[in-house]
Structures are given as C-alpha cells and as structure tokens.
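Hi,

Here is the structure I promised to pass on.

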Amino acid sequence: MTPSVPTPLAARTPPLAEPSAWHEISLTVNSRPVTAQVESRLLLSDFLRDRFGLTGTHVGCEHGVCGACTVLVDDEPVRTCLILAVQCRGTEIRTVEGLAPGDAPLTSVQHAFHECHGMQCGFCTPGFVLTTTALTEQSDRPDGEQVADALSGHLCRCTGYRNIRRAVCQALGERFGE
C-alpha cells in the first residue's frame with residue numbers, strides 16, 4: 001500500500017470568484033445619478049472621498065468600529081470602510097453633504113446637533129448625524145433600546161455622549177411630535 005500524497009495547497013484553495021478587474025456601476029449619490037468605472041477592490045469610502053470629494057465621509061478605524069464613515073445606502077446606515085463600491089450598484093447613497101446641500105437650511109437632525117452642542121471636534125459627527133437621520137425617517141418611533149443600539153456603533157473620543165444623546169432625543173422628539 002502506497003502512502004497518500006498530500007494535495008498541494010494551491011490545488012485545495014478555491015480560485016478567486018473574480019480577479020481584480022474594472023466594473024461599470026450606476027448608482028445615485030446625493031440625488032445625483034452617477035455612472036463610474038470602479039476596480040473590484042475599491043472601498044465605498046475611497047470612492048466617495050476620492051472620486052467626488054465628499055470628505056464628510058470620514059475614515060477613522062477602517063474596521064467598521066468607529067462609525068465615522070457611515071452613510072445611508074438605500075436609507076440604511078452603512079459603514080463605507082466595510083463595503084465595496086461595486087456592491088452599491090443600483091443603490092441610492094446619501095452622505096452628510098447631501099442632507100443640506102449648498103445654502104439649504106439645516107435638517108432638523110443637523111439643527112438638533114448644533115443646538116445641543118452634540119459635537120466637539122466634529123470627526124464623528126457625520127456618522128452620528130446620518131444614523132440619527134435614519135432613525136428619524138422610520139415610520140415608527142424607535143424605543144430607547146433601538147436608539148442605544150443604533151448609537152452603539154459610533155465612537156466619540158471627545159465627549160461623554162451626553163450632548164449627542166440630547167441631540168438625538170431632540171431630533172426624535174421633533175420628528176415624532178413629542
């Protein structure tokens with residue numbers, strides 16, 4: 001009986017589903033239709049910042065922990081450092097720049113953050129604002145646990161979160177008539 005020969009590692013490793021390549025994607029960014037060529041491995045954060053200059057999408061930890069890169073993809077908060085641009089084909093993306101473009105008045109969420117001083121250095125603020133915007137756009141008022149869960153995906157190294165929570169409560173109260 002001959003001993004079995006181990007299969008070489010390369011033979012056991014499945015091939016990549018798709019090698020790095022370029023893809024044409026169409027999506028909407030801040031109410032503007034966009035068609036672009038993107039490489040398979042391009043992160044959504046890099047796509048938004050480098051291609052469109054939407055630098056309100058802050059890149060912090062690059063591991064999805066800090067929440068600074070949060071945008072709304074089809075009205076849901078998404079960490080742009082964890083998703084590829086090519087995965088966003090056909091979606092609608094809103095960044096903090098798209099909430100009150102140009103000289104438009106601040107949204108109620110932005111106004112609440114301003115009024116309650118829900119920011120200090122401002123690095124984490126766009127992520128908090130977009131997550132809060134998603135909470136205010138729900139049809140039913142989120143309860144305290146849902147709010148805490150949504151905000152738990154964001155880190156602020158400057159504050160004790162008191163003013164951020166006040167801003168979120170003010171925005172939700174205004175939205176749901178409390």
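**What I found**

The largest nonpolar core has 22 residues, and F113, F128, V147, I164, V168 and L172 have the most contacts inside it. (A nonpolar core is a set of buried Ala, Val, Leu, Ile, Met, Phe, Trp, Tyr and Cys residues joined through side-chain atoms within 4.5 Å; buried means under 20% relative accessible area, exposed over 50%, partly exposed in between, with a 1.4 Å probe and protein chains only.) At least two residues of this core come from each of α3 (108–115), α4 (125–136), α5 (144–151) and α6 (162–175); helices here are DSSP runs (H or I, at least four residues), numbered from the N terminus. Apart from this core lies another, of 19 residues, including I25, L48, V71 and V78.

This is a predicted model, so local features need pLDDT of at least 70 and side-chain atom pairs count only at pLDDT 80 or more, while totals for chains, interfaces and linings use all residues. Residues are numbered from 1 along each chain as its sequence is written, and side-chain values use heavy atoms, leaving out hydrogens and water.

Now the cysteines. There are 0 disulfides in the structure (a disulfide is a pair of cysteine sulfur atoms within 2.5 Å). C121 is in none, its nearest cysteine sulfur being that of C158, 3.7 Å away. C121 counts as exposed because its relative accessibility is 55%, whereas C124, at 8%, counts as buried.

Cheers
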